[in-house]
Amino acid sequence: MEEIISLCKRRGFIFPGSDIYGGFAGTWDFGPLGVTLKKKIMDEWWNYFVENRDDIYGVDAAILMNPRTWVASGHTATFADPLVECKECKSRFRADKIADGISESVTTEEFLATHTKCPVCGKENWGPIRKFNMMFTTHVGAVLPDDDAELAEKNIAYLRPETAQGIFTNYKNIVDTIYPNIPFGIAQQGKAFRNEISPRDFILRDRECSQMEIEYFVHPDTWESEFEKIYKECDDFLEIRMGLKPNDINHLEVAPEDRAHYSKRTVDFMFKYPNGEEELMGLAYRTDFDLQNIARESGKSMEYRDKITNEVFVPHVIEPSIGVERLVLAVLSTAYTEDEINGEKRVVLKLPENLAPFRFCVSPLLKNKPELVAKAKEVYDLLRKKYTNVTWDDSGNIGKRYRKQDEIGTPKCVVIDFDTLEDGTVTVRDRDTTTQTRVKISDL
Ligand SMILES: [Zn+2]
């Protein structure tokens, strides 16, 4: 993991957030290569789940939502972690992350019985477990610092802790404007915010992240077969579009006692990250829990009328939900490879061609030969017209350029040399095998 973090910083994929001011815990900034990789991953998902099919519609809801949203969804009451404070050194921790064998709903007695020592000072002197709500609050409208607490309370809003509720709250809009046949889905990508007690593990547990979620609405009688279909599609997406290896994904059927009370089936897709197994995505059957909550809170009907049978019912929902940063890190850890070329250690990112920030790198063998540079520019322009993501590199010697392109995952390097001027062929060097072949410019 340290090697990947170091590569990400060195090559401009991911920087610590607000680096210049000493950082800001739980935030990360994507640099030129990182943002390209992230965008490609998000575009592949959108293409696979929305553009490529007729039954899933996209939305882009506002991040700031009416606070009643979070009352209805249960976040105001229950989106909380067990917080425990060490009375000796005042450090605060998520209780279930520092003690073994306890869950998020741990009580003070259960926690004390584990005899956990403070990870900071080593003492065992704990305060009670307190529930810490992870939603970020803000105030909407003109609220001044010296306004009374009641006015401030009235104007509280939250940065959304998930994108899903922006989908559910638009369910009726979609039904009333698109008239979709059931089953149908609504998809959204966007930022979500969680005030993690202790952000850690690089971009795995950050306070600001991007999510890609679908709520797939089905007839209650068909949820089992629809669940299986989406399950298969998620696996195909991860393997075919993202290049993840099936062996690195562990499908965890979540036991009834660990599932949310309304869910009848949940599968956690666990990914083998370099520092251990972590959840990459979740697939949950949520029954009609969310739509019924919204119906109760808003007083509006969430019923759907089947166009053929005229049956009226509240649809049930299957929800595949994935964190973009978690997926970026899964793609990077799959691609990250160390090997040896002619006795020299090499770091190479074996990114799939559809995700590599650059598909080609074009360079003249020598920088100080104008005729080579001119020819190389010509080839560069040609490739750029065909593929937009082409980069130019004439720095250092050719070996250094290859090493740099290997580290950022460029599949092919195209080099223009003196033979090019004679016979119109170039050297194409392959990232993974390092083999070099002569190819006619017209065949590139
Ligand atoms: Zn302590």
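At what angle do helix 2 and helix 12 pack, and how far apart are their axes? In this predicted model, where local features need pLDDT of at least 70 and side-chain atom pairs count only at pLDDT 80 or more, totals for chains, interfaces and linings use all residues. Residues are numbered from 1 along each chain as its sequence is written.

**Two packed helices**
- Helix 2 (residues 32-51) packs against helix 12 (residues 324-335) at about 110°, with the axes 10 Å apart, where axes are lines fitted to C-alpha atoms, for helices over the stretch in contact, and angles run from 0 to 180 degrees between N-to-C directions.
- Helix 2 is therefore roughly perpendicular to helix 12, a term that covers 65 to 115 degrees; helices here are DSSP runs (H or I) of at least four residues, and strands are runs (E) of at least two, numbered from the N terminus.
- Leu37, Lys38, Ile41 and Met42 of helix 2 meet Val324, Leu327, Val328 and Val331 of helix 12, contact being counted if the C-beta atoms, placed from the backbone, lie within 7 Å.

- The 5 strands of an open sheet follow the order 20-19-21-22-23 with mixed pairing, and two strands pair if DSSP finds at least two bridges between them.
- Strand 20 (390-392) and strand 23 (436-440) each have a single partner strand, so one side of each is left without a neighbour in the sheet.
- Strand 19 (residues 360-364) runs parallel to strand 20 and is joined to it by 3 bridges, with Cys361 opposite Thr391 in strand 20.

Methods. Parallel < 35°, antiparallel > 145°, perpendicular 65-115°, else oblique. Contact = placed C-beta atoms within 7 Å.
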